Amino acid sequence: MKHHLHFTFGPVQGFVSQARRTRDLYAGSLLLSHLAMSAMKAVISGKIILPNYDKLLNTQTEHAIAPNRFIAEFDSEAKATEAGRAAADALRAEWQKIADEVWAHYLAKHASHGRGTEKIWQRQVPNFWNIAWAVCSENEHDLLDRRKNWQTHYPPVEGGDHCVLMHQWQELSGFIRSQQRGKQDDFWQAVGRTVKNRLDLELGERLCAVAFIKRFFPSIARAAIGRDLDTCGWPSTVSIAALPWMLKVAANK
């Protein structure tokens, strides 16, 4: 009898939608796709039957193509179970690698000026993704959905001032704005001087670890995910919203 590994992770919709600019939307989608591929690559003793893994591997694109869920087939339950653990470990390891690169480039030199910045980072990064997988016979189709109803992922309780994009997570300076506004502003201004484009971290943007990674990993994509990404050629949300009107005006000239 064949056995299937059903694997998924999230959050997806919230992670992508909690964004301020079109590049954030792009980066969130691409990061999810990259992590999904990392998990699938760890499946070496079975065959991924959904999605078309070979096609994904051979597709050259800078856009998100891999879903956050896959099914793999194995000769035994033991092999499927081993692959489930390996996929989860690979996803966590890749996420941690990306986070470490962002930390080293943008925050390591400023962490001492915050109030527990490194502790906030170390609390948020490993506790963000909710990974779920299940092993079943090839005739069972709803086991993963049943597994997801069994809630085992509990993100940490976050105190202090919260992120302006992902509101359930504490921002990284660790300062309370009503009490230490100056120190909080000094921290984020110092971080802002580290980035190449000052618009990448505008005044008032106080981010948590996850939002910070999503915002800045494209700028160091070669080190973070092994390939370069375009960080400049992205229209604003206002431009996208106005595009139908501009096309209509151009057509009527």
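View 1. D185 comes out as partly exposed, at 23% relative accessibility, in a scheme where buried means under 20% relative accessible area, exposed means over 50%, and partly exposed covers what lies in between (1.4 Å probe, protein chains only). This is a predicted model: local features need pLDDT of at least 70, side-chain atom pairs count only at pLDDT 80 or more, and totals for chains, interfaces and linings use all residues. Residues are numbered from 1 along each chain as its sequence is written, and side-chain values use heavy atoms, with hydrogens and water left out. D185 forms a salt bridge with R177, and their closest N and O atoms are 2.8 Å apart. For a salt bridge, a side-chain nitrogen of Lys or Arg has to sit within 4 Å of a carboxyl oxygen of Asp or Glu. R177 counts as buried, at 18% relative accessibility.

**View 2. R215 and E205, a buried pair.** Here the closest N and O atoms of the salt bridge are 3.0 Å apart. The two residues link distant parts of the chain: R215 belongs to helix α8 (residues 209-216), while E205 sits in the loop between α7 (177-192) and α8, 10 residues apart. R215 has a relative accessible area of 1%, and E205 is at 1% as well.

**View 3. R92 and D89 on helix α4.** This salt bridge runs 3.6 Å from N to O. The two residues are three apart in helix α4 (residues 77-107), so about one helical turn separates them. R92 is partly exposed at 45%, and D89 is also partly exposed, at 48%. Across the whole structure, a search turns up eight salt bridges.

**View 4. The four-stranded open sheet.** Its strands line up as β2-β3-β1-β4, with antiparallel pairing. At the edges are β2 (47-50) and β4 (130-137), each pairing on one side only. From one strand to the next, the twist averages 25°. Strands pair if DSSP finds at least two bridges between them; helices (H or I, at least four residues) and strands (E, at least two) are DSSP runs, numbered from the N terminus.

**View 5. Strands β1 and β3 side by side.** Six bridges join β1 (residues 3-10) to β3 (residues 69-74), and the two run antiparallel. Look for F7, which stands opposite F70 in β3.

Key
Axes are lines fitted to C-alpha atoms, for helices over the stretch in contact, and angles run from 0 to 180 degrees between N-to-C directions.
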